[in-house]
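Please report on how this model packs.

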Amino acid sequence: MESFTERAIQVIKSIPEGKVMTYGQVAKLAGSPRGARQVVRILHSMSKKYQLPWHRVINSKGEIVIKEDESFHEQLLALQSEGIEVKNNCIVNLEKYQHQPII
């Protein structure tokens, strides 16, 4: 049986270019609806190792929540380079850009 971490990594890898998912959405699809904070941990510790598109995961309000300036701008620029409009430099329209995988 796959672990939550393995399932979350697969969900994150499946987010297509030009789309985003929320931390909670990833957690729910990976089998733990209350595991959003664990998704944050996975992104923080495993993005480089598994080449995860970490920039495509945002909060449930559609916001970029990274506080560290360099990483914030890296995420902002990565989203914009994929054609995602980011309002006020931190808000993504979830109705337009949220990936809704067919399960």
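The largest nonpolar core holds 17 residues. A nonpolar core here is a set of buried Ala, Val, Leu, Ile, Met, Phe, Trp, Tyr and Cys residues joined through side-chain atoms within 4.5 Å. Buried means under 20% relative accessible area, exposed over 50%, and partly exposed in between (1.4 Å probe, protein chains only). Phe4, Ile12, Val26, Val39, Ile42 and Leu43 have the most contacts inside this core. At least two of its residues come from each of α1 (4-13), α2 (23-29) and α3 (36-50). The largest share, five residues, is from α1. Helices (H or I, at least four residues) and strands (E, at least two) are DSSP runs, numbered from the N terminus. Apart from this core lies another, of 11 residues, including Ile58, Leu76, Leu94 and Tyr97.

The model is predicted: local features need pLDDT of at least 70, side-chain atom pairs count only at pLDDT 80 or more, and totals for chains, interfaces and linings use all residues. Residues are numbered from 1 along each chain as its sequence is written, and side-chain values use heavy atoms, with hydrogens and water left out.

**Helix α1**

In α1, the buried residues are Phe4, Thr5, Ala8, Ile9, Val11 and Ile12. Seen down the helix axis, they fall within an arc of 165°, so they line one face of α1. The arc is taken from the directions from the helix axis to the C-beta atoms. Among the elements that cover these buried residues are β1 (21-22), α2, α3 and β2 (57-58).

Contact means heavy atoms within 4.5 Å. Neighbours up to four places away in sequence are not counted for Phe4, which touches Ala27, Ala30, Ser32, Gly35, Gln38, Val39 and Ile42. With that exclusion, Thr5 touches Gln38, Arg41, Ile42 and Met46. Ile12, leaving aside neighbours within four places, is in contact with Val26, Val39, Leu43, Leu52, Pro53 and Val57. Ile12 and Leu52 are 40 residues apart in sequence, yet 6.6 Å apart in space, C-alpha to C-alpha.

| Residue | Relative accessibility | Class |
|---|---|---|
| Ile12 | 0% | buried |
| Thr5 | 16% | buried |
| Asn89 | 44% | partly exposed |

Asn89 sits in the loop between β3 (86-87) and β4 (91-92). Leaving aside neighbours within four places in sequence, Asn89 is in contact with Ile64, Phe72 and Leu76. Asn89 and Leu79 are 10 residues apart in sequence and 11 Å apart in space, C-alpha to C-alpha.

**The largest pocket**

Rolling a probe the size of a water molecule over the atoms shows where empty space is left. The largest pocket has a volume of about 460 Å³. On a 1 Å grid over the protein atoms alone, a pocket is an open set of points where a 1.4 Å probe fits, with protein on both sides within 12 Å along at least five of seven lines; lining residues have an atom within 4 Å of a point. Grid points are joined across faces, edges and corners, and the volume is the space filled by probe spheres set on the points.

The lining has 14 residues, and Leu43, His44, Trp54, Ile66 and Ser71 are the closest to the pocket centre. Which elements give two or more residues to this lining? They are α3 and α4 (69-81). The most comes from α3, with seven residues. By type, the lining divides into seven nonpolar, four polar and three charged residues. Ala, Val, Leu, Ile, Met, Phe, Trp, Tyr, Cys and Pro count as nonpolar, Asp, Glu, Lys and Arg as charged, and the others, Gly among them, as polar.
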